[in-house]
Amino acid sequence: MMQELVSGSSYNYKNKCMLLEAEMFSSRLEDTKARQAYTESIQASIHSGFIHEQGLAAELFGKHCLRFGDHACALHYFRQALQCYKLWGCLLKVDS
């Protein structure tokens, strides 16, 4: 069903579909596939102008990287998420 939404409106749904796929890959410990899907989700969010969803994808990517012991990568994506949340105006998330 998600693929049908993407084909109907890639602008609105591609980033969401890719984020769900990334989370599924991450939960199955498929690191390479998860990283690719997180990256695609972030890129689709940027393309669509969904700064809050870019932040969410970056935050979850950071958590994925931590799970695999990649602390440098995790820090990069946590910083990206923080910047997105600041731009979006979500101060509660930024201050936590």
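Two residues are in contact when they have heavy atoms within 4.5 Å of each other, and that is the idea to carry through this tour. The model is a predicted one, in which local features need pLDDT of at least 70 and side-chain atom pairs count only at pLDDT 80 or more, while totals for chains, interfaces and linings use all residues. Residues are numbered from 1 along each chain as its sequence is written, and side-chain values use heavy atoms, with hydrogens and water left out.

Begin by selecting tyrosine 77, which touches Thr39, Ile42, Ala58, Glu59, Phe61 and Gly62 when residues up to four places away in sequence are not counted. Tyrosine 77 is buried, with a relative accessible area of 14%; buried means under 20% relative accessible area, exposed means over 50%, and partly exposed lies in between, using a 1.4 Å probe and protein chains only.

A nonpolar core is a set of buried Ala, Val, Leu, Ile, Met, Phe, Trp, Tyr and Cys residues joined through side-chain atoms within 4.5 Å, and helices (H or I, at least four residues), like strands (E, at least two), are DSSP runs numbered from the N terminus.

Now show the rings. How many aromatic pairs does a search of the whole structure find? The search finds two, where rings of Phe, Tyr and Trp (its six-membered ring) pair if their centres lie within 6.5 Å, and planes under 30 degrees apart count as stacked, over 60 as edge-to-face and the rest as tilted. Tyrosine 38 and phenylalanine 61 are stacked, at 5.0 Å centre to centre with 15° between the planes. Because tyrosine 38 lies in helix H3 and phenylalanine 61 in helix H4, this pair ties together parts that are 23 residues apart in sequence.

Keep phenylalanine 61, which is buried at 2% relative accessibility, and turn to tyrosine 77: their ring centres are 4.0 Å apart and their planes at 25°, so this pair is stacked. Tyr38, Phe61 and Tyr77 form one aromatic cluster.

Finally, select cysteine 73, which is buried at 16% relative accessibility. Cysteine 73 is in no disulfide (a pair of cysteine sulfur atoms within 2.5 Å), and the nearest cysteine sulfur, that of cysteine 65, is 3.0 Å away.
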